Amino acid sequence: MALNRNLTELTDEELIKEFQVSNTLDAYEILVKRYKDPLMNFVFRFVGDRDACTDIVQDTMIKFYLNKDSYREFAKFSTWIYTIAGNLAKNELKRRKRRNLFSIDNSDDERSIQIEDKSFLAPDRSADSEIKNEMIQRALLRVKPVYREVVILRDIQALSYEEIAEITKLSIGTVKSRINRGRTQLQKLLKNIYNE
Amino acid sequence: MGINIYNDEEKQFSKLIKDLKELPKVEAPDNFEFQLMTRIQNKNFGENPLPREKFNLVKFFAPSAVVVTVIILFFVFLPKDEQFEDPLMSDPQQIVSQSTSESDAISNKVDNNSGRLAAIPQTNAPSQTLNADVNPNDAVVKPSSKYPIFNSRSVAVDEYINGENKRKNTFQGNVVKGGENVPEFDGFFIREEADKNTIERYRAMIDSVKKAQAKADSLKRAKRAE
């Protein structure tokens, strides 16, 4: 227990070093506990499917376990693990896109467009936060993935521009530009909510 | 975190950013860590596969069978060169005609002006005639023994077109123009450019024939005189 308390007091970078050097499983578990929820939130907002996002975050932790030695101390641990999760999430999107090419069913996103139309909702219902959140999430899924990722990291996960630039391997200028475009697209899609 | 990390440029999106921040946080399921550690202990490190479409043998083999069938048919019906020869694509053969000295009755007509020697056969036997131009630059037609030239069946196309070939029978015209009673077409032949030695040899042969004839004529006259 004393060891665990000590471990819980360590920073992310110290914990992973402990895991790399001594193969301390407790250090690994602490990191998993710290990052499982933020990663779930990030991946869910990006992919839009709860079951898939659980699998993706599990795979992220597995990759972290297997490739712990590929982490280098000069980078933040959060940046490293967000990069792994982001790449797996993008792979999942590509897989879905290929599947959808051969699908004759309309995706749920197509049907959701009608919900955003004001004529389908009474004004009081549109203020309902649950429906509003659902609308925002659906609109987010319609934003281009390259913009969506950075908007989520910035506005939902509250990461800094520097951290986002490291995760996405882009320059800070490009990150800012993409965030701006993503927000513009999102605002346009949600004009029924924000036009007063 | 009370620090305002947004600058003034983002004021136009302030409402949107606020709503995004206030979206409910999605959390991992309760058994997330249990499942994870179970996978690690069981060394089940494969990515959780999402249901994929099974490999469909019919879908794979059907187009493959079509492709294979097309390839087989292509080679089966591939035209074989030995079955026929396209006369328009094949190179015409050269013909060499043999000179005659001891052949059957052949009358030679010498046109002294042009130096042309034209032989007119009296039979339809395989050509042993010489149709030679003594000028060195002219071509000499030399039929090979493999392709005997029947005058009734062969035409010098250039001469025919120029009107120089005075046809002795209608077969020659039919050879060029086609129509009824067309003899079997053996093909186009080209004339071989004669070399000087060949011309000299033929010239010598013609000279010896002339001499022999002249001698024969003088002997005849002498006999009559007696």
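Aromatic pairs and the interface of chains A and B

Over all chains, the structure holds 14 aromatic pairs. One of them joins Phe19(A) and Tyr28(A), whose rings are tilted, with 5.2 Å from centre to centre and 35° between the planes. The model is a predicted one. Phe19(A) has a relative accessibility of 0% and therefore counts as buried, the limit being under 20%. Tyr28(A) likewise counts as buried, at 0% relative accessibility.

Phe19(A) also pairs with Tyr65(A); this aromatic pair is tilted, with 5.9 Å centre to centre and 35° between the planes. The pair links distant parts of the chain, since Phe19(A) is in helix α2 (residues 12-22) of chain A and Tyr65(A) is in helix α4 of chain A, 46 residues apart. Tyr65(A) has a relative accessible area of 21% and is therefore partly exposed. Ring pairs link these residues into a cluster, which consists of Phe19(A), Tyr28(A), Tyr35(A), Phe64(A), Tyr65(A), Tyr71(A), Phe77(A) and Trp80(A).

Thr79(A) is placed in helix α5 of chain A. With a relative accessibility of 4%, Thr79(A) counts as buried because this value is under 20%. Apart from its neighbours within four places in sequence, Thr79(A) is in contact with Glu163(A), Glu166(A) and Ile167(A).

The interface between the two chains was examined next. Contacts involve 42 residues of chain A and 32 residues of chain B. The accessible area lost when parts come together is often used to give the size of an interface. Here, chain A and chain B bury about 3800 Å² between them, and 57% of this area is on carbon and sulfur atoms. Of the area that chain A buries against chain B, 16% is supplied by Gln58(A), Ile62(A) and Arg183(A), more than by any other three residues.

Between chain A and chain B, the count of salt bridges is 3. A salt bridge is formed by the side chains of Lys36(A) and Glu33(B), at 2.8 Å from N to O. Polar contact across the interface of chain A and chain B is found for 11 residue pairs, with both residues at pLDDT 80 or more. On the side of chain A that touches chain B, at least two residues each come from α3 (25-47), α4 (50-66), α5 (77-101), α8 (129-142), α9 (145-156) and α11 (172-189) of chain A. By class, this side of chain A has 18 nonpolar, 7 polar and 17 charged residues.

Technical notes
Residues numbered from 1 in each chain as written. Chains lettered and ligands numbered in written order. Predicted model: local features only at pLDDT ≥ 70, side-chain atom pairs only at ≥ 80, totals over all residues. Heavy atoms only, no water. Contact = heavy atoms within 4.5 Å. Buried area = accessible area lost by both parts, 1.4 Å probe. Salt bridge = Lys/Arg side-chain N within 4 Å of Asp/Glu carboxyl O. Polar contact = N/O pair within 3.5 Å; in protein donor to acceptor, adjacent residues only side chain to side chain. Helix = DSSP H or I, 4+ residues; strand = E, 2+ residues; numbered from the N terminus. Nonpolar A, V, L, I, M, F, W, Y, C, P; charged D, E, K, R; others polar. Buried < 20%, exposed > 50% of the residue type's maximum accessible area, 1.4 Å probe, protein only. Phe/Tyr/Trp six-rings, centres within 6.5 Å; stacked < 30°, edge-to-face > 60°.
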